[in-house]
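Hello,

Here is the structure I promised to pass on to you. Have a look at it first, and then read my notes below.

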There are 2 protein chains.
Amino acid sequence: MRVAFQGEHGAYSERAARVCFGEGVETSPSLGFRDVFEKVAKGRCSHGLLPIENSLAGSIHPVYDLLLEFGLPIVGECQLQIIHCLIANPGTSLESVRRVYAHPQAAAQCERILREHPEWTVFQVYDTAGSVRMIRGNPEVAAIASSDAASLYGMEVVREGIESDPQNYTRFVVLAREAIPDAAADKTSLVYGTQNAPGALYRTLGVFADRGINLTKLESRPIQGKPWEYYFYVDLSGPVELDEVIAALREHTTMVRVLGRYRAAAARDASGSKPESDTPSPPPK
Amino acid sequence: MRVAFQGEHGAYSERAARVCFGEGVETSPSLGFRDVFEKVAKGRCSHGLLPIENSLAGSIHPVYDLLLEFGLPIVGECQLQIIHCLIANPGTSLESVRRVYAHPQAAAQCERILREHPEWTVFQVYDTAGSVRMIRGNPEVAAIASSDAASLYGMEVVREGIESDPQNYTRFVVLAREAIPDAAADKTSLVYGTQNAPGALYRTLGVFADRGINLTKLESRPIQGKPWEYYFYVDLSGPVELDEVIAALREHTTMVRVLGRYRAAAARDASGSKPESDTPSPPPK
């Protein structure tokens, strides 16, 4: 078992991989989201773990688009509480910071503190953990990343918990090359295109409502080459008679694809323990 | 009349402002989206112009969130065809490029060419036009921006039309401090929160479907402090009996707010002419 994640060692995605698969799991750092998909598609990694949504900043769009492009099945999910730290060279004070290197997602989640410090110039970098490596030796520059990343690169946490709201969770999906039938699967992800007619989306949602199926997420993404037309990504919670639902959806859609059936995960903190201990959440193995 | 836009002179948003308001309009460059909202809220600019959606890369989430936070009304919209150029120092060839400075949105829209050139390292910058200024004097670095920006900063277009699909349009919204009643308004933007119950979103869309109202856009955004709960932003096309619709929505929602009523705009190219000349599109004044 080898799990590809986006970012460098110390990334939140690597933490999520350890929480999801166990501390000893072999991880494979990857430059971009596409590289994670490719490693799984080519069999170089058994699994890929990708952030798909953050409770403060919202959906991570490129991952949605790549799910459709690659057609790799979602076989599990994992939620991690994200606690961001402002990290700087040892001995640096908050007052001496002039520049902040931040992943756009991390910056979005820490918008409040960034706004309270207009004297900081924010530079976007692709990787939270990588940004910590980049600040070494420069006392004017801080990074936003996990305390893991600070330890890994010998840097210091100047302030912990700088996210704008403590209810900050990221949901990750686990990909494999082949779908694994799981009798305990209680979540289904679909994507479909609606017919270009008034009420088309409404009628597709009626397919779920008529059957008492709860929709936990609806995301729209543009269709390339068709301006202002959309694919809709939905997550369905609980048991679903999938063949029957798909047949009903086909009456109102131009395309339907199952992205995965898997077990819904409860939120966990970075240590892997569940803040709400009564919620069942078997991690995918 | 003074129109605030995000970015430096030469930005696509500034082009959109000229297309929308006329070539002679006074424009006010602004560091971030928030600055545009603040300039309008404080009366320092009469209008703000903000990109809200691109037909390839999708919605521009921070603008959605700021619309709700500031409560400034949308008084118009404007669509612009976006033609991206790879820009470098005069005399530079495509082969000598090693690094590319790109706005994350521009990079998303030019994903194909960036993937075809794995030898290019892509650096994210906050501003398309600003990235052109940044490459001056460095022949190994290219930027992605408009031909306008290349001329403005004395740089050269190495390749034009590098967007992954030529059907590349950005839709901009025009903000003002006060709503302007317009009898010809044919588009309505709303935001609402649904009750936390199965089928709640479906029932809100039923309010539109039952009245034959066409939904041209549905966007979900996370509610801060309530993980995995969402606000829904909708655009309604055509005439709407707004008071009656709002009353019907209130039965299924926790909050409803009108973001604006305004005239829908047709797509225009950067010169301001309309590719589809039969589509009426009076720019807001």
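**Where the two chains touch**

Setting aside neighbours within four places in sequence, Tyr202(A) is in contact with Tyr202(B), Leu205(B), Gly206(B), Ala209(B) and Asp210(B), where contact means heavy atoms within 4.5 Å. Tyr202(A) itself lies in helix α8 of chain A; helices (H or I, at least four residues) and strands (E, at least two) are DSSP runs, numbered from the N terminus.

Before you go on, please note that this is a predicted model, in which local features need pLDDT of at least 70, side-chain atom pairs count only at pLDDT 80 or more, and totals for chains, interfaces and linings use all residues. Residues are numbered from 1 along each chain as its sequence is written, chains are lettered from A and ligands numbered from 1 in the order in which they are written, and side-chain values use heavy atoms, with hydrogens and water left out.

The contact between the chains takes 42 residues from chain B and 42 residues from chain A. About 3400 Å² is buried between them, and carbon and sulfur atoms give 56% of that area (buried area is the accessible area, with a 1.4 Å probe, that two parts lose on being put together, summed over both). Gln124(B), Tyr202(B) and Trp228(B) supply 20% of the area that chain B buries against chain A, more than any other three residues.

How are the two copies related? A rotation of 180° with 0.0 Å of shift along its axis superposes chain B on chain A, with an RMSD of 0.0 Å (by least squares on the C-alpha atoms of residues with pLDDT of at least 70 in both). That is the relation of a two-fold axis. The copies meet through the same surface, because 100% of the interface residues of chain B are also interface residues in chain A.

**A helix with two faces**

In helix α9 (residues 242-250) of chain A, Leu242(A), Val245(A), Ile246(A), Ala248(A) and Leu249(A) are buried (under 20% relative accessible area; exposed is over 50%, partly exposed in between, with a 1.4 Å probe and protein chains only). Seen down the axis of α9(A), these buried residues fall within an arc of 160°, so they line one face of the helix (the arc is that of the directions from the helix axis to the C-beta atoms). They pack against β12 (187-194), α8 (200-210) and β15 (253-262) of chain A. The face turned away from the buried side of α9(A) carries the exposed residues Asp243(A) and Arg250(A).

Enjoy exploring!
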